[in-house]
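Here is a colleague's note for someone meeting this structure for the first time. The points go from the whole chain to its nonpolar cores and then to its aromatic rings.

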Amino acid sequence: MNRTVALLACCLAALATGCMRDSSASPSPTPTDVGPVLVSVEDVRAMSGIPEFQIAPESQRTSPEASPNTPEPCRSVYDQTSVFGTDWTQFRSVVYSATIDDPLIPEILNVRQTVAVYPDDAAAQATFDRLQAAIPHCAAAHIDYYSRTPQRPDPSTIVFDGEEANYIYRV
């Protein structure tokens with residue numbers, strides 16, 4: 001059976017980033033075929049209990065977006081073009097935003113999900129391994145916001161918890 005592997009990244013200004021395997025993808029997918037892998041805005045509303053989440057249409061991408069302001073030691077961890085590389089076969093990124101009035105939650109929340117689908121398990125794993133190898137260099141730079149200690153709840157997941165944002169990468 002020919003499987004396609006996805007590296008998924010999600011970020012919520014109080015949520016996270018991750019990576020997943022998509023066994024249902026076809027061998028010759030188009031960039032929009034990764035839609036089923038993403039969590040819908042309706043599901044984000046239900047999971048968070050925040051009905052104000054909306055799709056930010058201008059944020060939808062079908063290729064990685066460069067983040068030129070990311071400090072050099074951390075680009076391989078936070079810059080999409082560096083993290084996801086060029087050998088993906090499908091890519092999709094979307095942001096859901098909410099503006100809320102709650103004293104316990106930040107006023108503006110964003111959930112970003114990013115999925116890159118690779119031609120095989122080895123390509124996805126190599127991308128994940130490259131990300132994992134870059135983390136100590138970013139952490140050693142001690143740059144506010146970027147220098148976070150990763151957690152490894154399992155071998156296929158990297159979690160960065162932070163006050164401003166959380167990231168989960170999963171392969």
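1. Among contacts in the protein chain between residues at least 6 apart in sequence, what percentage join residues at least 24 apart? In this predicted model, the share of such contacts that join residues at least 24 apart is 63%.

2. The protein chain contains 4 helices and 8 strands, and read along the sequence these elements follow the pattern β-β-α-β-α-α-β-β-α-β-β-β. Of its 171 residues, 41% count as buried, while the chain exposes about 8,900 Å², of which carbon and sulfur atoms supply 53%.

3. In soluble globular proteins, nonpolar side chains tend to be buried together. Here the largest nonpolar core has 22 residues, and those with the most contacts inside it are Val77, Tyr78, Ile158, Phe160 and Tyr169. At least two residues of this core come from each of helix 2 (75-78), helix 3 (80-84), strand 5 (108-118), helix 4 (121-140), strand 7 (157-160) and strand 8 (166-170). Helix 4 gives the most to this core, namely 7 residues. There is also a second, separate core of 14 residues, which includes Ile50, Val94, Ile100 and Val117.

4. When its neighbours within four places in sequence are left aside, tyrosine 78 is in contact with Ser67, Thr70, Val83, Cys138, Tyr145, Tyr146, Arg148, Phe160, Tyr167 and Tyr169.

5. Tyrosine 78 lies in helix 2 and tyrosine 167 in strand 8, so their pairing ties together parts that are 89 residues apart in sequence. Both tyrosine 78 and tyrosine 167 are buried.

6. Tyrosine 145 and tyrosine 146 form an aromatic pair that is also edge-to-face, with 5.1 Å from centre to centre and 90 degrees between the planes. Is each of these two tyrosines buried or partly exposed? Tyrosine 145 has a relative accessible area of 31% and is therefore partly exposed, whereas tyrosine 146, at 18% relative accessibility, counts as buried because the cut-off is under 20%.

Conventions: Residues numbered from 1 in each chain as written. Predicted model: local features only at pLDDT ≥ 70, side-chain atom pairs only at ≥ 80, totals over all residues. Heavy atoms only, no water. Core = buried A, V, L, I, M, F, W, Y, C linked by side-chain atoms within 4.5 Å. Buried < 20%, exposed > 50% of the residue type's maximum accessible area, 1.4 Å probe, protein only. Contact = heavy atoms within 4.5 Å. Phe/Tyr/Trp six-rings, centres within 6.5 Å; stacked < 30°, edge-to-face > 60°. Areas by Shrake-Rupley, 256 points an atom, 1.4 Å probe, with all protein chains shown as cover.
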